[in-house]
Amino acid sequence: MKSKFIPLILILIFLITFVIFFKGLKNSNIYAPDTNLKKEVPSFELKSFENDSIVISEKIFKDKDYYFMNIWASWCIPCKEEHKFLMELKKDDRIELIGFNYKDNFTNASSFLKDLGNPYDIIVSDKDGTTSIEWGAYGVPESFLVYQNKIIKRFIGPINNEDLLEIQKIIK
Amino acid sequence: MKFIHIFLIVAIILNFNFLKADEIKTENKITKNLRCLICQGQSVYDSDSEFAISLKIVIKNKIQQGLSEEQIYSFLKMKYGEWILYDPVFSRNTYFLWLLPILIFLAGGAIIIKRFYKKK
């Protein structure tokens, strides 16, 4: 009796382990963070992109309901891809675009905007990338949709036409 | 006058020496336990990605502001989720992970003891 049970239990344990690992094989091991957030906008103090004046977050996220905070850099190739969508989004009056110029130099960033157009209402420069960390950002490009001082959605990587349509639908 | 000069130089050197060895140690310890989210096989300590470089600065600043290791971890967990920590915290999701080795150890021990007494 006893000797019959032991092989059965062993086979069962083996099967369960096999199923767990087999299922685990198919899971993506690239971590994808939560993109639907309900977090307060982190407060920050950064230098303005155009001049050396200090810009504080409380003054930026004040007048409108919706803000689109976009982290960009002239050295980032995917930023060029998403630029046309930002220019499209700029046409909408209900949303204000805030640019976070990430670890960039002024000359390159200015010529980037000169060539492709400037979609931003306000640009601040995050020279060492520390404020982007406070926002929970990974790198460039990355964007956050802010509604009434709360981050409601985050876009990792360049935004595309679908994202643009989604944003336009949200702010309607 | 000369004495004052020497005194000042010594004071400056001492201050440089004071370069907060402890803080560097803590900083390294923390960054070694953080996963670089851009190059996910590496720790933040090992990585040279823009993300990791910025994160190292943030941690350095937080240590200088007097935040404890735990506070820094919880700050990062809030921003990036628990995935950023190499050492997972004991929580509802990780009970199994932490307790399984102990359970296996106990079960194995029980089998060995049982056999041992049986032989006797």
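These legends walk through several views of a predicted model with chains A and B.

**View 1. Chain A as a whole.**
Start with the parts list: chain A has 6 helices and 8 strands. The C-alpha atoms of chain A take up a box of roughly 85 × 35 × 30 Å along the principal axes. The radius of gyration of chain A is 23 Å, whereas a compact globule of 172 residues would have one near 16 Å. Of the 172 residues in chain A, 33% count as buried. Now think about contacts in chain A between residues with a separation of 6 or more: 77% of them join residues 24 or more positions apart.

**View 2. The sheet of chain A.**
Here you can trace an open sheet of 8 strands with mixed pairing, in the order E1-E8-E7-E4-E5-E6-E2-E3 of chain A. Which strands form the edges? They are strand E1 (39–40) and strand E3 (54–56) of chain A, and each of these pairs on one side only.

**View 3. Strand E2 and its two partners.**
Strand E2 (residues 45–48) of chain A pairs with E3(A) in the antiparallel sense, over 3 bridges. A hairpin links E2(A) to E3(A) through 5 residues. To find your place in this pair, look for Leu46(A), which stands opposite Val55(A) in E3(A). E2(A) also pairs with E6(A), again antiparallel, over 2 bridges. There, Lys47(A) stands opposite Ser125(A) in E6(A).

**View 4. Strands E4 and E5, a parallel pair.**
E4(A) and E5(A) run in the parallel sense and pair over 7 bridges. A handy landmark is Met69(A), whose bridge partner in E5(A) is Ile98(A). How many residues of E5(A) are buried? The count is 8 of its 8 residues, and the strand is mostly covered. In a regular strand the side chains alternate between the two faces of the sheet. You can follow this along E5(A): Ile95(A), Leu97(A), Gly99(A) and Asn101(A) point one way, while Glu96(A), Ile98(A), Phe100(A) and Tyr102(A) point the other way. Residues on both sides of E5(A) are buried.

**View 5. Strands E7 and E8, an antiparallel pair.**
E7(A) pairs with strand E8 (residues 150–156) of chain A in the antiparallel sense, over 6 bridges. Within this pair, Val146(A) stands opposite Ile151(A) in E8(A). Keep Val146(A) in mind, as this residue returns in the next view.

**View 6. The largest nonpolar core.**
This core has 46 residues, and the ones that touch the most other members are Phe68(A), Trp72(A), Ile98(A) and Val146(A). Which elements give two or more residues to the core? From chain A they are strand E4 (66–72), helix H3 (77–90), strand E5 (95–102), strand E6 (122–126) and strand E7 (142–147), and from chain B they are helix H3 (50–64) and helix H4 (69–80). Zoom in on Trp72(A): leaving out residues up to four places away in sequence, Trp72(A) touches Cys79(A), Gly99(A), Phe100(A), Asn101(A), Tyr102(A), Val140(A) and Pro141(A).

Is Phe106(A) buried or exposed? Phe106(A) counts as exposed because 12 C-beta neighbours lie inside 10 Å, and the exposed class covers 12 or fewer. Leu116(A) has 15 such neighbours inside 10 Å, so Leu116(A) counts as partly exposed. Setting aside neighbours within four places in sequence, Leu116(A) is in contact with Lys80(A) and His83(A). For a sense of distance, Leu116(A) and Glu166(A) are 50 residues apart in sequence and 23 Å apart in space, C-alpha to C-alpha. Phe106(A) and Ser43(A) are 63 residues apart in sequence and 24 Å apart in space, again C-alpha to C-alpha.

**View 7. Chain B and its meeting with chain A.**
Where the two chains meet, 13 residues of chain A are in contact with 14 residues of chain B. The chain A side divides into 5 nonpolar, 5 polar and 3 charged residues. Chain B itself is assigned domain 1 (2–89) and domain 2 (90–120). The centres of these two domains of chain B, taken over C-alpha atoms, are separated by 38 Å.

Definitions and conventions
Residues numbered from 1 in each chain as written. Chains lettered and ligands numbered in written order. Predicted model: local features only at pLDDT ≥ 70, side-chain atom pairs only at ≥ 80, totals over all residues. Contact = placed C-beta atoms within 7 Å. Nonpolar A, V, L, I, M, F, W, Y, C, P; charged D, E, K, R; others polar. Domains from an automatic or database assignment. Buried ≥ 20, exposed ≤ 12 C-beta atoms within 10 Å, placed from the backbone. Helix = DSSP H or I, 4+ residues; strand = E, 2+ residues; numbered from the N terminus. Rg over C-alpha atoms; globule rule 2.2 N^0.38 Å. Core = buried A, V, L, I, M, F, W, Y, C linked by C-beta atoms within 7 Å. Pairing = 2+ DSSP bridges.
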